[in-house]
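Q: Please take a close look at one part of this model: the surfaces that one chain presents to its partners. What does each contact consist of?

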Amino acid sequence: MISESHYLVLAFLLFAIGLFGALTRRNLILILLSIEIMFNAIHLIFVTFSRTWNNLDGQVAALFSMAVAAAEVAVGLAIAILLFRSRKTIDASQFNSLKD
Amino acid sequence: MNLPNAVLDDKNNIMLDITFLLVAIPALAALLISLLPSHSYRAIRAMAHLAMALELVLALFLIFSFDRTLAGFQFVTDLAWTVKPKISLLLGVDGISLWMVLLTAIVGWAALFATGNIQEKVKGFFLSYMTLVCGAMGTFMSLDLFFFFFFYEIEALVTYPLISIWGRGDRKYAAMQFTIFSVLGSAFVLIGILALYFLSGNTSLQIPQLLSGFETVPLAIEIQRRIFPLFFVGFGILAALWPFHAWGPIGYAEAPPAASMLFSGILKTLGAYGLIRVGLGLFPEAARAWMPALLALALVNLIYVGFVALAQKNLRLLIGYASASHMGFALAGIACADVLGISGALLILFAHGLLMALLFLLVYLMEEKGLGSGVSDQGGLAATWPVTATYFSLAALASLGIPGFANFAGELTVLFALFNHFGPWAAAGALVSVLLTALYMLRAVRNLFFGPEKELRHTGEEPVRHFWRHAPLVLLIGALIFSGFFPNLPMSYFKTSASQNMTTLYDR
Amino acid sequence: MNYYFILLAPFLAFVTIALFTRRFRSLSALMAIGGLGISFALILKLFLSLLTTGALPEPVEFSWLDLPGIHFGIGLLFDRLSILMGLLVSGVGTLIFIFSTGYMEDDPGYSRFFAYLSLFAVAMLGIVFSTNLIQTFLFWELVGLASYLLIGFWFEKNQAADAAKKAFMTNRVGDFGLMLGILLIWFVSGQALGSAEGRTVEFAQLARILPEGFASGTISGSVFFIAGLLIFCGVAGKSAQFPLHVWLPDAMEGPTPVSALIHAATMVAAGVYLMARIFFLFILSGELLQVVAAMGLLTALLGASLALMESDIKRVLAYSTMSQLGLMVMAMGLAYPVAGMYHLLTHGFFKALLFLGAGCVIHATHRQNIFELGGLFKRMPVTSMAFLMGMFALAGLFPFSGFFSKEEILQAALETSRFWFVGAEATTFLTAFYMGKLVWMVFLGHEKNHGETHEAPLVMTLPVMVLSFFSLAAGYFQIPELLGQASGETRTAHFGPVAFISTAVVLVGLFASFFLYGLKKPAYEPLEKRLGPLGRLFARKFFIDDLYNFYVAKIQQPFAELCDRANELFVIKGLGHLAGRGLYQLGSLMKKSLTGNVQTYISVVVVQILIILAVAAIFLQLV
């Protein structure tokens, strides 16, 4: 009925949505949000395969990843706040000082 | 083939010989110059002069102590570097490379006398200069293909700063295209070397090993046919073979005169030398198939580029294209692929290098005193500059192939080789270039020196006055005249080594 | 006795003068005269031993270039031909050197002049005593060099510089053919012996190999024709034969001693000498001889006609030389080289004499145009007498030497066919006519006031007198017999119908010119009007010079420009800009991708990853 492939398709869609958002959105917070979505997609894949192969390793990996994601969000938000303080904006397209 | 000095002597000790010194001295000089403070111009120049003088002495010593009766490489230096693939700093000279080494030493020393106009970033200039000489020496003496490429790259590297920093006119463009073509040629050579390594299954890239290996197990002709064209194109680009004949002249036009001397005297020769040593030496069968193509291109060099030279109004470009045209003679000699042709080509290469250095040195001396860049800018300079006019006329006569200079003997030999190998039309084509050379060189001499004085610019006093101004000129002219009067001397060196190099060609 | 000094003495003189004695004029002159004098002494010694015992030293040679297949040496070959020619060159040369000390005394380049003269002497003697074709070619080039340097001696003058360049280039064109001819001969010399190793350029060996090859059929006859024709190109260049004659009149820009030595007696004779040397080749092809004879006659007539309209003394003499060389060449073509060489030797004497005499005139009056000269007989009696003797010799009047040598040629012409004979006689008539004109205009009549014209100094008149002696006496030295013994022919001049006809022709010519020019000196050239359009043709030298100029300006230079434009377009703009500017532009293009925006960078990375994955998938055949 609902087989593993459904989960994978869902995860893929989530990943694609997250990727698209990360690359396209201009608001830093929304970029972080999109990255979170990508993370969630990956977690879903891990758990799916853990269930497919009756192996707990996937779920363990997902737990690890969630912790890392949380830390990453914390750092990312901190950076966003600092950027806002110095540049008065969180529009990603404004941050191009790497340009030649 | 027997090596008089084994590559590694019995006790597996490292072998060091004069050839190592010839490479080490400029490298050391470069190092010392880089350590000197930037403003101590005198010390820097003195260091350079000392290094080059030592090189000259060593090169002459090599000439005198070389044993002409032995085929094979002498004065071998071997410093092992890696085991698999077996790469070591293997340097040695035989009859073919010895005179190129001498040429490098002579021109390297003489070009120092054209550096008077370098006033800023002097340290960098002489650093580049020493590196260039080191690279050239290394390339001529390298018997390990890896280091052959390595030394060549070193010297191609410094061509860019030499032209773009201390040059004049549109120097960025000239430097870029000069370096690009130098490196392009070497890129083809690199691919060829890699192909040789991987396709032939040898574990070493050392010429003596390869040659003796090929004697027992010759390289399959299909493999040869795939590899040789790479070397042919690569070295052809370096040797100013049509259609790659223009990058040289354009570079010489904007480069500082000392660099022009070095480039036209030494760099061009590298291409032809590589063709002989690597192309013909290692891939005789494939080479034989390509020689008619080489001849055709060489004839285009001789005739077409000769006409281009005829149309030049800029003196430096004229000399540059004349140089490219003359290379055609050497390349035609190589195309004959026998001892006669190769010996003639080698003598021409030697003479050509000296001649170009001489011409550019004179151009430098004259430009210092106000000569314009056009061929017809000045007139009647023989009246105010008699000594310089004499030297320039001598140089022009040498380029004409007047007997008494080495160029005549070389060209004569190549003509006979051409007629023997390719028939009368090839020889006739080469002779046409002799006519063309006479036309544009005599015209240049006539416009610059003869006739009533034409003052379009203010010209100063005689450029060649003090003794030290004479010294490099006398050396260059003297070498040309000496080898012109006694061509058997250099030929005796070429003969043995060329026939050994070509034995593989003869036997099969 | 080291006979190498024949070459070494003048060479050492050259080196010494060039390097050391530039400032010491008299020393330079002494070195030059001494150098050539030593050569002359050595050759004379050889000549005397030839006369007395008939013995000659073996050829000597030192190996100059030795490679598989080519063994070239430089050496000395002693036979009658080389010794007689050597006597001419060194003897007349020494006299002219002495003459030059007087002629060039006011010139600042005095020492340089003698250096160049010595260089020429070495080169010429190198040709004379050459043992092989390559040595001949080598010194042939050097002679061309010396000629270039000497014609352009007064390099501040535009005409001199241009004339020198023209002479050298014309010679070079001839040498093109010469070199190809030598290559061909070298190549086929191996065929006769059946091996490539046997190839040679030595005269002695070729004289044996080539006829053998012809007789046995191993070398085809056409080869000899082509080789000979190519060699004749070189001859034409050196000896000013049509169509490579254009440099000779312009060469008169050089100092008169140069004209006397090089462009009358010796260098231009080198072509004829070479033909004599290599006659064993020429005689193997009948067609070749015909061509040679035709070219010779054509040149002879052309030169004589061009001399008619000239009013510059030296140019008249130059055209005259061209014409006489044509006769010599014709004699070669008529298969009688002895006659050609005989005339070469006598011509050497009287032509040098005429030029030196002209030199005396020019030195005294500073003028060269015959319409500006006159009545010099009273002022310069010695010169006038000598010049007159030279003129008679050139015209071929008995008992001067020219009579005998020309007679030989005319004899040979008559024996071949009447065509040649008539042509040669026509030349004789013209020669007598224009030479007469020259003498009457310059030496007779009223003086055109030249201030204090006086006879030349002794150092100049003495050589002139010596030469006039030889112009008279050379006919009695039995030269043809001397030469002929080498080729096995003997002929004696006899007072037959030829002698009468030619004498008559000469006298008619002299009287005709006297009538036009001697009785009452015209102010301008009467022939130009009388001959109408034909005269103009002559005056413009048959437009040959114009043809050459047209070629250079309208054909050669534009072609060079074309090559240059093509070069610009394809090679420079194509390849060069590709390398130079192309890379810069590629770089600029690449720069556009550096937006500074991190998201852009990551997008690129994502795309790359996708591509890699796709490729890997296909590669691993997962998709």
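A: Buried area is the accessible area, taken with a 1.4 Å probe, that two parts lose on being put together, summed over both. The model is a predicted one.

Start with chain A. Between chain C and chain A about 810 Å² is buried. Carbon and sulfur atoms give 56% of that area. Three residues stand out on the chain C side: C:Leu594, C:Gly596 and C:Gln599 supply 49% of the area that chain C buries against chain A, more than any other three residues. In residue terms, 10 residues of chain C are in contact with 13 residues of chain A. By class, the side of chain C that touches chain A has four nonpolar, five polar and one charged residue.

Now chain B. Two pairs of chains touch, and the most contacts are between chains B and C. Here 55 residues of chain C meet 62 residues of chain B. Together the two chains bury about 5,300 Å², with 74% of it on carbon and sulfur atoms. Two salt bridges cross this interface. In one salt bridge, C:Asp66 pairs with B:Lys495, and the closest N and O atoms are 4.0 Å apart. The rule also finds nine residue pairs in polar contact between chain C and chain B.

Which elements of chain C build the side that touches chain B? Strands S1 (60–67) and S2 (70–76) each supply at least two residues, as do helices H5 (133–151), H6 (158–193) and H25 (544–591). The largest share, 19 residues, comes from H25(C). The classes on this side are 36 nonpolar, eight polar and 11 charged residues.

Chains A and B do not touch each other. Their nearest C-alpha atoms are 22 Å apart.

The axes of helix H4 (residues 110–128) and helix H10 (residues 256–265) of chain C come within 12 Å and cross at roughly 5°. H4(C) and H10(C) are therefore roughly parallel to each other. From H4(C), the contact uses C:Phe113, C:Leu117 and C:Phe120. From H10(C), C:Pro257, C:Val258, C:Leu261 and C:Ile262 take part. This contact has seven nonpolar, no polar and no charged residues.

Conventions: Residues are numbered from 1 along each chain as its sequence is written. Chains are lettered from A and ligands numbered from 1 in the order in which they are written. This is a predicted model: local features need pLDDT of at least 70, side-chain atom pairs count only at pLDDT 80 or more; totals for chains, interfaces and linings use all residues. Side-chain values use heavy atoms; hydrogens and water are left out. Axes are lines fitted to C-alpha atoms, for helices over the stretch in contact, and angles run from 0 to 180 degrees between N-to-C directions. Helices (H or I, at least four residues) and strands (E, at least two) are DSSP runs, numbered from the N terminus. Angles under 35 degrees count as roughly parallel, over 145 as roughly antiparallel, 65 to 115 as roughly perpendicular and the rest as oblique. Contact means heavy atoms within 4.5 Å. Ala, Val, Leu, Ile, Met, Phe, Trp, Tyr, Cys and Pro count as nonpolar, Asp, Glu, Lys and Arg as charged, and the others, Gly among them, as polar. A salt bridge is a side-chain nitrogen of Lys or Arg within 4 Å of a carboxyl oxygen of Asp or Glu. A polar contact is a pair of N or O atoms within 3.5 Å; within protein, one must be able to donate a hydrogen and the other to accept it, and residues adjacent in sequence count only if both atoms are side-chain atoms.
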